Amino acid sequence: MSELKIEKVEILGKKSIHVGYDIHSHIVSEIIKTIPSSTYFLVTDKNIEKAGHLHAYVGRFNKVLEEERPNSRLLTFVVSPGESNKNRSTKASIEDFMLKNGCTRDTVVIAMGGGVIGDMIGFVAATFMRGVKVVQIPTTLLSMVDSSIGGKTAIDTPLGKNFIGAFWQPEYVFIDVSFLESLPEREFINGMAEVVKTAAIWNEIEFARLETYSKSFLKIIQNRNADGTVDLTPLRDHIIKLVLESVKVKAEVVSKDEREGGLRNLLNFGHTIGHAYEAILTPQALHGECVSIGAVKEAELSRYLGILSPVSVSRLSKCLAAYGLPISLNDKILQKRIKEKKCPIDVLLAKMAIDKKNEGSKKKVVLLESIGKCYGTSAHFVSDDDLRVILTDQTIVHSFDEAPDKNIIVPPGSKSISNRALILAALGKGPCKIKNLLHSDDTEHMLNAVSALKGASISWEDGGDTVVVNGNGGNLLACEKELYLGNAGTASRFLTTVAALVSPNDGVKNIVLTGNARMQERPNGPLVDALRANGSEIEYLNKEGSLPVRVQSGKGLKGGRIELAATISSQYVSSILMCAPYAEESVTLALVGGKPISQLYVDMTIKMMETFGISVTKSKTEEYTYHIPKGCYVNPPEYVIESDASSATYPLAFAALTGTECTVPNIGASSLQGDARFAVEVLKPMGCTVIQTATSTTVRGPPKGQLKPLDLIDMEPMTDAFLTASVVAAVANDPTHPTSIVGIANQRVKECNRILAMVTELAKFGVKAEELPDGIKIFGINYLDLKVPEGGVYSYDDHRVAMSFSLLAGLAPEPVIIQERSCTGKTWPGWWDTLHSKFHVKLNGYEPAVKQLNFQANGNRSIIVIGMRAAGKTTVSNWMATLLGFKIIDLDVTFNEVVGQDVRSFVKENGWDLFREKESEIFKNVFENSSSSCIISTGGGIVENSCSRELLKKYIVNGGIVLHLHRSIKETVNFLSNVDVTRPAYSTSAENRDIEDEIKEVWNRREKYYHEYSNYFFYSPHCSTEEEFQILRKSFEGYLLRITGSTKVAVPSQRSFFVCLTYDDLTEHTHEIDAITSGADAVELRVDLLKSYETEFVANQVGLIRCHSNLPIIFTVRTKEQGGLFPNDNISEIEELIQLAFKLGVSYLDLELSLPENILDSAVAQRGFTKIIGSHHDFSGTLKWDDVEWENKYQLADKLNVELVKFVGTATEFQDNFELEHFRSLHKSKPLIAINMGELGKLSRVVNPILTPVTHELLPSSSAPGQLSIKRINEIFTEIGGLKAKRYYVVGKPIAHSRSPILHNTGYKKLGLPHSFELFETDSASLVAEKLFNDTSFGGCAVTIPLKIDIMKYLVELSESAKAIGAVNTVIPLGDGKFKGDNTDWLGITNSLYRNGVPSLKNCKVNGLIIGGGGTSRAAIYALHKMGCNKIYIVNRTPSKLIEIKSHFSPEFNLEILETIEQAQMCEHASLIVSTVPADKPIDDKLLIQVETMLKKGKDSNKNFTPTLLDAAYKPRVTAMMKLASEKYEWNVVPGCEMLINQGIEQFEKWTGFVPPYKDVFDAVNSD
Ligand SMILES: NC(=O)c1ccc[n+]([C@@H]2O[C@H](COP(=O)([O-])OP(=O)(O)OC[C@H]3O[C@@H](n4cnc5c(N)ncnc54)[C@H](O)[C@@H]3O)[C@@H](O)[C@H]2O)c1
């Protein structure tokens, strides 16, 4: 065995930190030999146990104990992993274990694990028997370099992390780096944040070493063995070193300042802001990830305060990013993890206010002076204002009044020159020191790509101010990983040709260039065409003409004559020029297709190639043609990059606008850059004094307000400067002379359509501007007339737009918001710092108020509908518009109106691309102008346009509803192949393409977007009958009310049940749903039991339940581990199903508390109106109810703030039910469903107070062992005294034929209720009160004639309906001998109508008619009014009776008496009729004519539903009125017995809390 290498580091005067690799035996023997004890107590977590470490240690330990201390013992304890277990109860359970096992003061506690174990076990040791010895064996990188050292120990409480703890120094810290072999990748990366941070504050040399190792690091730790471990051999020394270096710093600092008086503060660099992020983003984001972002922000703050150089900031962020850490909240992976979580600035500042470093509420931050050195020896106070600027992405720019008279500004290096220099040096031979290189996204991507392709090695000098590119002479090798270029246009064009020169590498035969969404829209086609024509093989992977592309390696460039269309971008030309020397033959590059654009950039490229040793000659015979010889660039030893002339336009324009002076010292007349002419050619004629030498430029502006417009200026040589010129022209105070800027057509295809962007944003300042074919015309105004843009300036993620408008902002009368501050990072990350520190402009951070997602009712906010054509958008939009009273905006119709042409012919003439662009523009307009009370129904392809998608995303983020309507692909194909001619045909080119395939292709392409860019989902299957259609409508309406927050579910507070459906497919069982759910308060869909987990299938199952039940739905995905069928490891699919549940607007989501915490947290954050049931199930029966696991799970549920907790244990003995009840009695902060499974656990099901899961005899199986039906539970509960038998009655006279007893008694029987229902025939209300009300078993009574009014005097309270109708039909005991009067007759009417296909009538303008003038007619009036009827007509044989009725109701009932036949003829039509006249006598003649008139009118009146008549009379079953209505006028008719049953069911529910099964009750009532 080779000798162990162990480094010992001193801390607090003792060499107690031992670092090495594979030093287990050293650790064990050192502990046992040097710390004598009777008991060694090792605590670790389950993951470490699973990785085999515990087992290995126990073996070694016992062996050495046996040899060295045979009388001592080793005890072990394993806790659940994760931060959520670092709490009081876990600590207590460990202490209890120690006490029970007789641990004494000589016990040595060994904490083997990450920071969670180290902190918690350290604290156990600190307090057990007033303190026992502790040894730390850290197993994560974070704990090795940070938490195990320094003696800080703590646990978390619900109010905060690490709030309770102690300083307790360990005897030893044993760092065995080999533990990291089993550490998961993300944890590994997480630890690197502390490592990089420590080097950044203390050790520049170590920092530089870390920079060089980053690439191999990620590659190696990502390369996992089958068991998840990693072979660290190639990195071993590097990792030992980085651990050691960090440890040394921490040990040194702690030794100097153990109790964190000052110096130890420095270790908190990145933590002030990092902790604030962590407090919000935990547990989705890890500590190190937040510290990484915090470190970048704190470095930016240092730069903002003028302390740190921009290069250092970019070095730090680059290094952190290179180790796989997020460096901003926008990091793609982080965003995916944190989902919709937001970090509002006020919350961040509040979190920072409670930092331990602070003094009072003043915040302290560690500032960096350079890499490897902090600013001062402690943290510094910083103002909230400065923090706000750094932490928000919108900046408020205040007035420029404080600007100094003179300024010298050195802008960052030129982007164009930087990018060219990098490509030339990378293709050249030998080292080249490039100075003043622009550190931007573009150069960043170029550098990364160049090193990935092994074209050159890159290193840094002068603290990062100089980059050394050591070129390989053009030998590039393919790499497997895609080259991601963000939105870096130049990099993408230059690298496309470079990619063609790449040779294959180890079987990698091609390379892929890709970029972000916007990059994927930007054109690259002409360049690719030219390269393809020259022999390169390039394939578009997505959109034709744009990135991503796959370039075959080894094809090279053939050379010879290359023709290139160069009217769109000069970057194509430069790209080929620079690579041409490496073609097989010398190249002649001919620029074809008209005058090439931006000649100056081409000249710049040629001049720079000359500096690197290759001379390009212009053709003497052909215009725009160049000869490039074969050769290899020879790198000059040094190349200094000139400042960027486009960037220089901003400080120069600042001078022009403010009447001050500004000098840019390194750009002058000899510059290669076109924009260097800006001062002379634009600012000078506008009235500025300009002095330009060969190498410098100085501008002094005229007094404020005296700039002059330019009639016409061709800015073709300096296109990028047109935005700056535009804002200057905006205040060239002469409205009669607009400034026309031309020659800038290329600016339409830059980061955004810049011409349009300028026109749009200038308008917000009150400046009129127009688009010209190749430019812009600006009507300048007096700066004093500028307006303040409402909501701020939108920057279109375009650095130039942001910087230009920041100039105009300072002239506006009030401060102006500039959105997307960070986009200036592309060319000038420090622009805001310059504005702030050099120009003395006050800046503030700004953050628009973000609505809490979904938690507010939608109110009148517009709703956007997306989905394929044929998904039913029109129908559903109509339903929504009617129900909500919104207006429909159909984008296709709007398109027609705006463009003056229908979509089909527009596409035919102009093609799809232009159509999509136009459509998106119109969408944006509609979106901005119709933000309330509209249903915006979009075209199917709206999601194909990235700008439209962006809009949808923003809408969702701000809490708006984007509803995705879905229909299956089969139905879509059916519909589209057959009928739709209103929209353009799918096939644009060849007739012979199979249309079906084409639809499928479109469907597949869009489907992912529909899902991604919507927050609600409705599956509308094809309906083949009117009935199906009405049911679907009803179910949709219920859905809409839920997702808009109009109807909310309340967690039941009384005995309640939910029935667990156990079908694998509900389709064939919908007729059973009513019976199965009777008596239940909710219905559970066990998604895991379904036969498919496809979105469409699951959504359909939810839809089927909704069509057949009004009960709240519980959406449950039960994993195998918790007794279900869903695979535990399929986390991503669980996440998708959780998302789906929210999109479907279910009432409850069952969320297993054992899921990863990030999933739990994001589900809770997104829940909207869905209530969360945090659940945990123990099938094994091993968790007794006093186990800490239940306590921890309950605390977790409490922390997550779920609405309900559901714990299911297993009873192995009867006693377990009592243990459970004890647990229940101690846990009352959340509604708790707690039961025991198994035969022995049935009692717990009977006594569980709310939402007990139940089964039903019609179900194929129960969902858990021991599950009972509601009937059984009620029977048992009755027998054990939980339910008391009540007596109910119907009172009145005559009542002998009343169907109420059979109705109620049937219900009692079906539900196992012990009650009875009897007749009590009397016409004396006092008798009722005397005989019944005084009986303690009296449960309530139904009241009929003649007591409906008489009974009132015995009641203390009347319901709203009883008051409005003026009659009581239901008496409900209130307790204490008091009673309430209610009326359910009206509900009998509404529910019968709803059950028969009548939708809600709100906003429908539907009228109703009531026939009759008795008591029932009053209930009918109330019913139709409640349903939303607009006008209610009343007719009667004797109209005089109606006058009294009308006067009884308030005017809002909108009652109108139809006295005469003429009045019936003249009135509006009615679509609902309720007849309340007796059916056993013929109808009076005049009344009949009136009724027939109304029936006739109503017949075709309504498009929403079939007109419907309910006859309240139920004898005979089919009355003459019903016959007349249905047979002669085709009305839908509803018999009176349904009303009777529905009102009875309402009474039943009010009395017992249960809804009886409709069908059983119906059959019983109609039985004889
Ligand atoms: N005391 C201090 O000075 C200090 C400093 C920084 C952080 N902290 C604390 O440290 C904690 C975070 O520590 P952490 O990042 O180590 O988290 P952790 O302890 O939760 O470990 C991270 C994960 O890795 C697993 N794991 C640990 N070692 C492993 C190994 N070798 N192989 C496989 N899996 C392994 C763990 O089970 C856990 O799931 C926080 O509670 C934080 O407050 C304390």
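This is a predicted model: local features need pLDDT of at least 70, side-chain atom pairs count only at pLDDT 80 or more; totals for chains, interfaces and linings use all residues.

Start with the make-up of the shell around the ligand: seven nonpolar residues, ten polar and nine charged. Residues are numbered from 1 along each chain as its sequence is written, and side-chain values use heavy atoms, with hydrogens and water left out.

How many residues surround the ligand? There are 26, and the closest are Asp 45, Glu 83, Thr 139, Thr 140 and Ser 182.

Gly 115 places a backbone N or O atom 2.7 Å from an oxygen atom of the ligand. Asp 119 has a polar side-chain atom 2.9 Å from a ligand nitrogen. Ser 182 has a side-chain N or O atom 2.7 Å from a nitrogen atom of the ligand. Taken alone, the ligand exposes 850 Å², and the protein buries 90% of that. Those areas come from the Shrake-Rupley method with a 1.4 Å probe; for residues, only the protein chains shown count as cover.

Which elements give two or more residues to the shell? They are α2 (46–50), α5 (115–127), α6 (141–147), β8 (160–167) and α7 (185–202). Helices (H or I, at least four residues) and strands (E, at least two) are DSSP runs, numbered from the N terminus.

On to salt bridges. The whole structure has 69 of them, each a side-chain nitrogen of Lys or Arg within 4 Å of a carboxyl oxygen of Asp or Glu. One network links Asp 644, Asp 720, Glu 751, Arg 754, Asp 798, Arg 800 and Lys 826.

Look at Glu 1152 and Arg 1118. Their side chains form a salt bridge, 3.1 Å from N to O. Glu 1152 is in strand β45 (residues 1148–1152) and Arg 1118 in the loop between β44 (1113–1116) and α37 (1131–1143), so the pair ties together parts 34 residues apart in sequence. Buried or exposed? Both Glu 1152 and Arg 1118 are buried. Buried means under 20% relative accessible area, exposed over 50%, and partly exposed in between (1.4 Å probe, protein chains only).

Next pair: Asp 1385 and Lys 1348, bridged at 2.9 Å, N to O. This one links distant parts of the chain: Asp 1385 is in helix α46 (residues 1385–1395), and Lys 1348 is in the loop between β52 (1338–1343) and β53 (1357–1358), 37 residues apart. Asp 1385 is buried at 13% relative accessibility, while Lys 1348 is partly exposed at 22%.

Now some single residues. Asn 1542 sits in helix α52 (residues 1536–1552). Its relative accessible area is 4%, so Asn 1542 counts as buried. The Asn 1542 side chain makes a polar contact with the side chain of Ser 1392, at 2.9 Å. Beyond neighbours within four places in sequence, Asn 1542 is in contact (heavy atoms within 4.5 Å) with Leu 1387, Gly 1388, Asn 1391, Ser 1392, Arg 1395 and Tyr 1558.

Gly 668 lies in the loop between β28 (661–664) and α23 (678–683). Gly 668 is buried too, at 3% relative accessibility. Gly 668 and Ala 694 are 26 residues apart in sequence, yet their C-alpha atoms are 4.5 Å apart in space.

Last, backbone geometry. Where are the cis peptide bonds I want to show? One runs from Leu 547 to Pro 548, with omega near 0 degrees. Another runs from Lys 1515 to Pro 1516, with omega near -5 degrees. Pro 548 is in the loop between β21 (538–540) and β22 (549–552). Met 129 is not a glycine, but has a positive phi of about 50 degrees. Met 129 is in the loop between α5 and β6 (133–138). Asn 436, also not a glycine, has a positive phi of about 55 degrees. Asn 436 is partly exposed, at 29% relative accessibility.

Terms used. A residue is near a molecule or strand if one of its heavy atoms lies within 4 Å of it. A polar contact is a pair of N or O atoms within 3.5 Å; within protein, one must be able to donate a hydrogen and the other to accept it, and residues adjacent in sequence count only if both atoms are side-chain atoms. Ala, Val, Leu, Ile, Met, Phe, Trp, Tyr, Cys and Pro count as nonpolar, Asp, Glu, Lys and Arg as charged, and the others, Gly among them, as polar.
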